[in-house]
Structure formats: C-alpha cells, structure tokens
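User: I am new to this structure and would like to learn how to read a few of its features. Could we go through them in turn?

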Amino acid sequence: MRLLVRTGLCLVVLWFGLLGAGPVTEERGEAASELAHAGLASEMAAAATRPAAYQEEGAGSPIRADQLVDYSAEEAKTAAVKPTVYLTFDDGPSGKTKDVLAILKREGVKATFFMLGKEVKQYPDIARQVVKEGHAIGNHTYDHVYKELYSSFSAFAKQVMDTDDEIYKVTGVRTNLLRAPGGTFGNFDQGYYDALAKAGYIVNDWNVDSGDSARVGVPAKEIVSTVKGSRLSGKVVVLMHDSSIHGESVKALPEVIGYFKNKGYQFAVLTEQVKPIQFRLAPTLKWKRPKVTAQETQTLVQYTARTRTNLPELNTQSLIIHAGGDEIPFAPQDYKMLNGTIDVPLRQLAIGLHGIIRLDMANGVVEAMVNNQSVSWTAAEVGGSGTSLPSRIIVPLRETLQRFHFGISRITVTEGKREIWIGPSSL
C-alpha cells in the first residue's frame, strides 16, 4: 500500500501515548428498532427450562425499541463508514468455550467473553486461553442467580468483586467490563448504575440477541435465523452463550460470523473506549429491595481503588517486544493491559520496528508504514474527535502487529517483566 498523500501531511515527531481506539456506535433511531426483532427476554425466559444450577427468578417482557440508551448522530456517521460487530459470549468458560475459540481463530475474529466467577474457577486453563488468544474478558458475576444478585446491591457487588478476584488470580487480567445477568432492564435501578460507574465498571447490554438462551437446546438453525432477522446498524453487540448447555450456539457460530462478514462488518472486542450499549431504566423493577446506600457504594469504590492501584501488568512490569535481533522496551507507565489486551504507544512501536509515522492534519488521519505495510487510523478510531487527533496515541498491540503482518510466537511473564517475541507472518 502506498503512503497517504494529502495536503497537510507531515512527519510526526511528537510522542504519541495513552488513548485507545474510539467507539463505533449508532444513532438511536437505528439501534432502537433492533431489539424489537431480537426477543431480549430470552435470558429470563430460560429460567424455567435451565438445570437447577441455573434456576433464576425475574421473567419479563422483551426489551422494546424505546428502552435503549440514546446515541449521538456524530457517532452514527463513524459507524456508517466502518460498521462493527462485537460478538459477546456469556456464562462461560466451559468445555464449549474451546470449540468457540477454535472457530474464532479459524475465522480470524476476536470476541468478548463475560465470565462467571465460579466457571473461571472450574476452567482456569480455558480462561487463560481466552486471554492468550487476544480476546477480551468481562465480569458476569459469580453464580448468575438472580434472586441473590438483585436482592440488594451489596450482594451484587460481592459477586462482582469475587469474580474480579477469580479472573485476576487465573489470568492476571483486571477487567472493568461488566454484564448484568438477564440484562439491566428491570433489574438495575439508577443506584446500581451510579455505584458501578463510581467504581469504574462499564456496564454492557446488547442490541442483537441470538436467541440461543430462549430455552435449552435452541437449534443452530433457529439461532442463525434470529440473528439474520435482527435489524442491523453501524454498531452491533451480539448476545450469545458459551456455557456447557450451548452446543447449538457453537454450531451456529460459523454461519453467524459469515453473515456479518458478508454484510461488510469488521469484528472487534469491547474495551473501555467503546461506548456501551445500555437499556433504559424500566418504569418499575422486578425486585423489591432497599436503595443502594452510600456505604455499599463506598465499599465497591474502595475495592477497585485498591485492586487497580497495584496491578503488576500496569505498574511494575516492563514490556519487551523481541523482533528479530531488536528489542523494543516499554516502561511500565508506557503501556497498559486491560481485558486481556495490551495497548502500546504507536510511535514507539512503529519506530522500534524500523517504520515511520505520518500525520494528515487536515483530515485527521494517522498512518504508519511498517514491514512494507501501510496502516491508517482516523481520529475517531484513536480517541480523537472529528479531524482532531489526540496528542498521544495508543493502539492495541496484537491487532496492530497483525495489520503490519507480524505474528506473536511466544509470550513469557515474570515478576518484573513481560516479554513478547514476534516475527513476520504469512497473513
């Protein structure tokens, strides 16, 4: 690919840094109508047919079009240029997760896994595999039991913290992505939202339900049909499941992926930079419970303040990328790791790989030429606004290396150092 040649093109000599890829979202008018087709009562309707371990309370009506959070028209323009689908899987990990991972790897697709703490404890190797293969992890509470989660915020917060600790113990990842079992509509009040936000958690619902949890054993053909029958927009967050009872979801996955590829969608993982899909507050709750107290909120805030302050992967470990005979060092403060994704400064990475960076000031585009591959990002994709690029740019390491046609061959982690070996790939 040739380098961008535009008016205002100049060599970047400034240090680029901490800001991740920006969100790709849709305007409310498009997103609102999607849920009418998706049947979002599936998670709650499944309570009557799931095994005893999954019995829950709180069946309700499907989410309506007017129950989605509003999204700006400007974000919709970004989505129209590069429509994005975020595949999400709830209730794992399980043995089925390995099958899902194999399909995702074959298809070259990344996804987000909202994990249950008790399943992470049971399947630690699979949880680690999710991270190793470049997917994102989210918190889905510890045991998914509605009557406990929604009886009080203290009960909900405890499950969130227990799951956070289990995920970190097993994978070394601290995630701030969270999905409420059954979705937030009718389960969350404003107090839940406010307390979680103060503690730094990002609550993610969805706007396309695959219907794979409407009952036990929903056939793959029906799952695919439900997805294809959902109205699409520039940003699609698909709800699927990877628990042990969702073998049909595994069978449906290749066709679901193929459907979005044929529609011209790119695939991405949810991150803290992606504006979350959230349902509106229900006029009435399904649960009778006390309001969230200041003490309950403070307990969770103190927990995240403590656990996020001393992250080895964020604050004490250096990062070294080995590329042939070269080493590209990053100090602990120069990169971050979140949700299983390592983000690094684009300038430092490109120069370390003997590449160059150019900035199109007039159009808000940054381009890097590395390994004879030209890769560009718009301002919106790197946390800017309109045509204004941020002063420092951070990009996801694995994805960026793949775009430069590099592959990761080995990763080692010690107490003070994280090392990654890369080399040219045939992709």
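This is a predicted model: local features need pLDDT of at least 70, side-chain atom pairs count only at pLDDT 80 or more; totals for chains, interfaces and linings use all residues.

User: How many bridges join β3 to strand β4, and in which sense do the two run?

Analyst: Strand β4 covers residues 136-139; 4 bridges join β3 to β4, and the strands run parallel. Strand β2 (residues 84-92) also pairs with β3 in the parallel sense, over 4 bridges. Within that pairing, threonine 88 has threonine 112 of β3 as its bridge partner.

User: Through which helix does the chain cross from β2 to β3?

Analyst: The path goes through helix α4 (residues 95-107), and this β-α-β crossover is right-handed.

User: How is a pair of aromatic rings described?

Analyst: Two values are used, the distance of the centres and the angle of the planes. In this model the count comes to 15 aromatic pairs. One of them joins tyrosine 150 and tryptophan 287, with 5.8 Å centre to centre and 35 degrees between the planes, which is a tilted arrangement.

User: Why does the pair of tyrosine 150 and tryptophan 287 tie together parts that are apart in sequence?

Analyst: Tyrosine 150 is in the loop between α7 (146-149) and α8 (153-171), while tryptophan 287 is in the loop between β9 (266-267) and α12 (294-309), so the pair ties together parts 137 residues apart in sequence. Tyrosine 150 counts as buried at 0% relative accessibility, and tryptophan 287 is buried with a relative accessible area of 12%.

Another pair, phenylalanine 156 with phenylalanine 188, is edge-to-face, at 5.5 Å centre to centre and 85 degrees between the planes. Phenylalanine 156 is in helix α8 and phenylalanine 188 in the loop between β5 (177-178) and α9 (190-198), 32 residues apart. Both of these phenylalanines are buried.

User: Which residues do ring pairs link into a cluster?

Analyst: The cluster consists of Tyr146, Tyr150, Phe153, Phe156, Phe188, Tyr192, Tyr193 and Trp287.

User: Which arginine lies over the face of tyrosine 168?

Analyst: That is arginine 174, at 4.1 Å from the ring centre. Likewise, arginine 410 lies over the face of tryptophan 421, at 3.8 Å from the ring centre.

Definitions and conventions. Residues are numbered from 1 along each chain as its sequence is written. Side-chain values use heavy atoms; hydrogens and water are left out. Two strands pair if DSSP finds at least two bridges between them. A crossover is right-handed if, with the strands pointing away from the viewer, the path from the first strand over the helix to the second runs clockwise. Rings of Phe, Tyr and Trp (its six-membered ring) pair if their centres lie within 6.5 Å; planes under 30 degrees apart count as stacked, over 60 as edge-to-face and the rest as tilted. Buried means under 20% relative accessible area, exposed over 50%, partly exposed in between (1.4 Å probe, protein chains only). A charge sits over a ring if NZ of Lys or CZ of Arg is within 6 Å of the ring centre and within 35 degrees of the ring normal.
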